[in-house]
Amino acid sequence: MASPAQRAAHWAIRGYQLTLSGLIGRQCRHMPSCSEYTDEAIQRHGFWAGGWMGVSRICRCGPFGTSGLDVVPETLPEGAGWYKPWAYGRWRGVNAPPIVCEAVEPDGG
């Protein structure tokens, strides 16, 4: 069950998506968008850790930052803790799922 802070963050992000985001247009360089990423990170990892993940993602979304598929990690990074919140976020690169290629047997006809 979500904490009051997680619910408040969700509704604040949702309010942004329905108001300001529509006014300035979709300009996020990532998939999912930064607001969707932050909301998912907060819901999955809690307000503190997920919030820092969202801050790091927003910082990477500038003109010279990263782009492309970037998903919320399933687990918290090793070495992260409440006393060093910067360790929760990924400040460079993206967290894209691995690309799996399967070999296809040619028809022997």
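Analyst: A patch is made of residues with over 30% relative accessible area and no salt bridge; like charges are joined within 9 Å, and nonpolar side chains (Val, Leu, Ile, Met, Phe, Trp, Tyr) within 5 Å. Accessible areas come from the Shrake-Rupley method with a 1.4 Å probe, and for residues only the protein chains shown count as cover. This is a predicted model, in which local features need pLDDT of at least 70 and side-chain atom pairs count only at pLDDT 80 or more, while totals for chains, interfaces and linings use all residues. Residues are numbered from 1 along each chain as its sequence is written, and side-chain values use heavy atoms, with hydrogens and water left out.

User: Which residues form the nonpolar patch on the surface?

Analyst: The patch consists of Tyr16, Leu20, Leu23 and Ile24, which together have about 430 Å² of accessible area. Helices (H or I, at least four residues) and strands (E, at least two) are DSSP runs, numbered from the N terminus. Helix α2 (residues 20-24) gives the most to this patch, with three residues. Tyrosine 16 belongs to helix α1 (residues 4-18).

User: Is tyrosine 16 buried or exposed, or in between?

Analyst: Buried means under 20% relative accessible area, exposed over 50%, and partly exposed in between (1.4 Å probe, protein chains only). With a relative accessible area of 33%, tyrosine 16 is partly exposed.

User: How many salt bridges does the structure hold?

Analyst: Side chains of opposite charge can pair when their charged atoms come close. A salt bridge is a side-chain nitrogen of Lys or Arg within 4 Å of a carboxyl oxygen of Asp or Glu. The structure holds four. In one of them, arginine 44 pairs with glutamate 40, with the closest N and O atoms 2.7 Å apart. Both residues lie in helix α3 (residues 34-45), four residues apart, about one turn of the helix.

User: Which other glutamate forms a salt bridge with arginine 44?

Analyst: Arginine 44 also forms a salt bridge with glutamate 74, at 3.5 Å between the closest N and O atoms. This pair links distant parts of the chain, 30 residues apart: arginine 44 in helix α3 and glutamate 74 in the segment after β2 (68-69). Glutamate 74 is exposed, at 62% relative accessible area.

User: Where do aspartate 70 and arginine 57 lie?

Analyst: Their side chains meet in a salt bridge (3.5 Å, N to O). Aspartate 70 is in the segment after β2 and arginine 57 in helix α4 (residues 47-59), 13 residues apart. Aspartate 70 is buried, with a relative accessible area of 0%, and arginine 57 is likewise buried, at 0%.
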